[in-house]
Amino acid sequence: MKSITKQKSQDEVKQSLEGLDRVFIIGCGTCTTMTKTGGIDQVVEMKEHLQELGKRVTGWTVIPTACDDMTEVSMKENKQAISNADCILSMSCALGVHRMNLYIDKPIIPALDTLFIAVEDSPGYFREACAQCGQCILGETAGICPITACHKGLVNGPCGGTNNGKCEVDKEKDCAWTLIYNRLKEQGRLDLMRKYQPPRNHHIVPKPRAVRIQ
Amino acid sequence: MVSRFKEALNSGKFVITSEVAPPKGTNLEKMLHHIDLLKDKVDGINVTDHQSSVMRFPSLGGCLAIEERGGEPIMQMTCRDRNRMALEADLLLAYSRGIRNVLCLTGDAVPVGDHKEAKGVFDLDSLQLLRTIRQLTSGQDLGGNSLDGAVEFCAGAIVTPEAQPIEPQLIKFEKKVDGGAEFFQTQAIYDLENFSSFMKYARQFPVKILAGIVLLSSARMAKYMTENVPGIFVPQDLIDELSSIPKEEMLAKGIEIAGRTIAALKKDSLCDGVHIMAIGREEVVPDILVAAGLMKKPVT
């Protein structure tokens, strides 16, 4: 599982840092390193870019996994440089921003947009695989998720926009229901496609979603 | 008050429906003109619901106008823009105002239209919408609550007989039949051989099929459709037929092609009727009916 991110434009980062002249930068050694949006190289580039803008970079670090409890340790190690900064510029995904938020009162400015949670199908190709809908029907759809793989999230078969196995939104994209159909057919389980899927429950876990494990 | 369209479907006659597109704005003049032109010549008039995801005057509004002018509206309803509550509420309003026919569609994707950043809703799909109508008919809403006054619609859906691969579409077709669809309007068909094999299959089911006839207004338009519109396949000989004549005669040729297609469908009783889509050329629908031998040329 990888959290997929993209860098915000330089203009947007510049605007978000208005009035915040001393900056500490935090990258992540896991997902944003993998996607080349917030690993060591990108953090160093960002440092140089901010210095060109006249900012003072009080320090930087790349936390091994910014969304887990190592964030606290890492932030303690960098306590001095962080306390000298007006803000933290985060080059982790939003999960990392949330984690940092637990340990510091200063503003944390995201330099990245978090797009989706993906699996790496082949080297460098990251595909959204799960929308965490709370009602998994992968067992009935040959392991292909119509909630994420179909543009419209349809659960009862293809729409009329499908053409030669492709999606109406993008001719490069596969129609999820053609994939599901082909796979179920191979498995001799096409009857599953005939089953009526009722309207989804959008409040399996009411938002805001949280769970306490005892 | 029952659906006159449903009566036509059940009468055994060759049923004709057509459609009008609401305007982008509040100037209804053109749409009302098309309604007046068609209302006494066809058994039902569809009103499109933000077709191609382009925001327009609503389908429900167009249907009310047809109803007020004495025509028989078929309300197209997509699942793209409204969640289940809004769809149910609009069905209650439509029924209370005399609308008796609904065509249930999933709806085009938002990014193909003119509000590319809007949220696509798709809380329900076309099949779930059909079943919602049946549930409202039974006097209950999707929350399981009783209605004070139920609805009664002649509900239909669409099918694409020329889709590749076809089997996933047919599975969905059968789910729609089980879900209570009484009629189907098909995506445009041109290849009668392919369509008759679809009809052989479809005849097993207790539903009425109206073949989709899209007017080919030019060779360019025919080529564009076959290359870009999912599920539409215009055979090369029709494109050649249009290409071989001067541009200004193409529309008349398109009318002739539509007319002879309809006449062939009717002659062989291939299907239960046709749904004529003139896409911006609604004023020539009567000419198509004349060309099909379904109407005498009006004396002018």
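Asn46(B) in β2(B) is the bridge partner of Glu19(B). This is a predicted model. Strand β2 of chain B spans residues 44-47, and β2(B) pairs in the parallel sense with β1(B) and with β3(B). Chain B also touches chain A, with 29 residues of chain B in contact with 24 of chain A.

**Pairing of β1(B) and β2(B)**
- Strand β1 of chain B covers residues 15-20, and four parallel bridges join β1(B) to β2(B).
- Between these strands the chain passes through helix α2 of chain B, residues 29-38.
- This β-α-β crossover from β1(B) to β2(B) is right-handed.

**Pairing of β2(B) and β3(B)**
- Strand β3 of chain B runs over residues 73-78, and β2(B) pairs with β3(B) over three bridges in the parallel sense.
- Ile45(B) has Pro73(B) as its bridge partner in β3(B).
- The path from β2(B) to β3(B) goes through helix α3 of chain B, residues 59-68, in a right-handed β-α-β crossover.

**Burial of β2(B)**
- Both faces of β2(B) are covered.
- Gly44(B) and Asn46(B) are buried on one side.
- Ile45(B) and Val47(B) are buried on the other.

**Side of chain B that touches chain A**
- On chain B, 29 residues are in contact with chain A.
- The elements that give two or more residues to this side are α5 (126-137) and α6 (167-178) of chain B.
- α6(B) gives the most, with seven residues.
- By type, the residues of this side are 13 nonpolar, eight polar and eight charged.

Notes:
Residues are numbered from 1 along each chain as its sequence is written. Chains are lettered from A and ligands numbered from 1 in the order in which they are written. This is a predicted model: local features need pLDDT of at least 70, side-chain atom pairs count only at pLDDT 80 or more; totals for chains, interfaces and linings use all residues. Two residues are in contact if their C-beta atoms, placed from the backbone, lie within 7 Å. Ala, Val, Leu, Ile, Met, Phe, Trp, Tyr, Cys and Pro count as nonpolar, Asp, Glu, Lys and Arg as charged, and the others, Gly among them, as polar. A residue is buried if 20 or more other C-beta atoms lie within 10 Å of its own, exposed if 12 or fewer, and partly exposed in between; C-beta atoms are placed from the backbone. Two strands pair if DSSP finds at least two bridges between them. A crossover is right-handed if, with the strands pointing away from the viewer, the path from the first strand over the helix to the second runs clockwise.
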